[in-house]
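I set down here what I looked up in this structure. The entries are kept in the order in which I consulted it.

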Amino acid sequence: MFQIKFLKEENRAVVYNNENEIGTCLFKEQEDTWNIIHTVVKSEYQGQGIARNLVNCVQENALKYKKKLIATCSYAKKVLELK
């Protein structure tokens, strides 16, 4: 069972399979903007939509905290452009 946690104080969203961290989406906070800089999921878990869910988690929290969201991470940039 996958569980995503948003860790604002660490500037990242993390996904766990049971207790094992299997992916993360990192962002930098720059005044009123969050910039997603890196998204990664362990290779054995790729292709299941996990990375997309991590980006979506950061996006939802950006709205919650009234932050603009941009991405220099190429994957996150593609996900955000699809919305």
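Basis. I worked from a predicted model, in which local features need pLDDT of at least 70, side-chain atom pairs count only at pLDDT 80 or more, and totals for chains, interfaces and linings use all residues. Residues are numbered from 1 along each chain as its sequence is written, and side-chain values use heavy atoms, with hydrogens and water left out.

Sheet. I looked up the strand order and found an open sheet of five strands, β1-β2-β3-β4-β5, with mixed pairing. Strands are DSSP runs of E of at least two residues, and helices are runs of H or I of at least four, numbered from the N terminus; two strands pair if DSSP finds at least two bridges between them. I noted β1 (2-7) and β5 as the edge strands, each pairing on one side only. From one strand to the next, the twist averages 25 degrees. Between β4 and β5 I found parallel pairing over four bridges, and Thr 33 stands opposite Lys 68 in β5.

Helices. I found α1 packed on the sheet, touching β1, β2, β3 (20-30), β4 and β5, with its direction at about 160 degrees to that of β4. Contact here means heavy atoms within 4.5 Å; axes are lines fitted to C-alpha atoms, for helices over the stretch in contact, and angles run from 0 to 180 degrees between N-to-C directions. Helix α2 (residues 74-81) lies across β4 and β5, at about 125 degrees to β5.

Aromatic rings. I recorded six aromatic pairs in the structure. Rings of Phe, Tyr and Trp (its six-membered ring) pair if their centres lie within 6.5 Å; planes under 30 degrees apart count as stacked, over 60 as edge-to-face and the rest as tilted. The pair of Trp 34 and Tyr 65 is tilted, because the planes stand at 45 degrees, with centres 6.0 Å apart. I noted that this pair links distant parts of the chain, 31 residues apart: Trp 34 lies in strand β4 (residues 33-41), Tyr 65 in the loop between α1 (50-64) and β5 (68-71). Trp 34 is buried at 0% relative accessibility, whereas Tyr 65 is partly exposed at 33%. Buried means under 20% relative accessible area, exposed over 50%, partly exposed in between (1.4 Å probe, protein chains only). Ring pairs link Phe 6, Phe 27, Trp 34 and Tyr 65 into a cluster.

Asn 17. I found Asn 17 in strand β2 (residues 12-17), buried at 15% relative accessibility. Leaving aside neighbours within four places in sequence, Asn 17 is in contact with Met 1, Phe 2, Ile 22 and Tyr 45.
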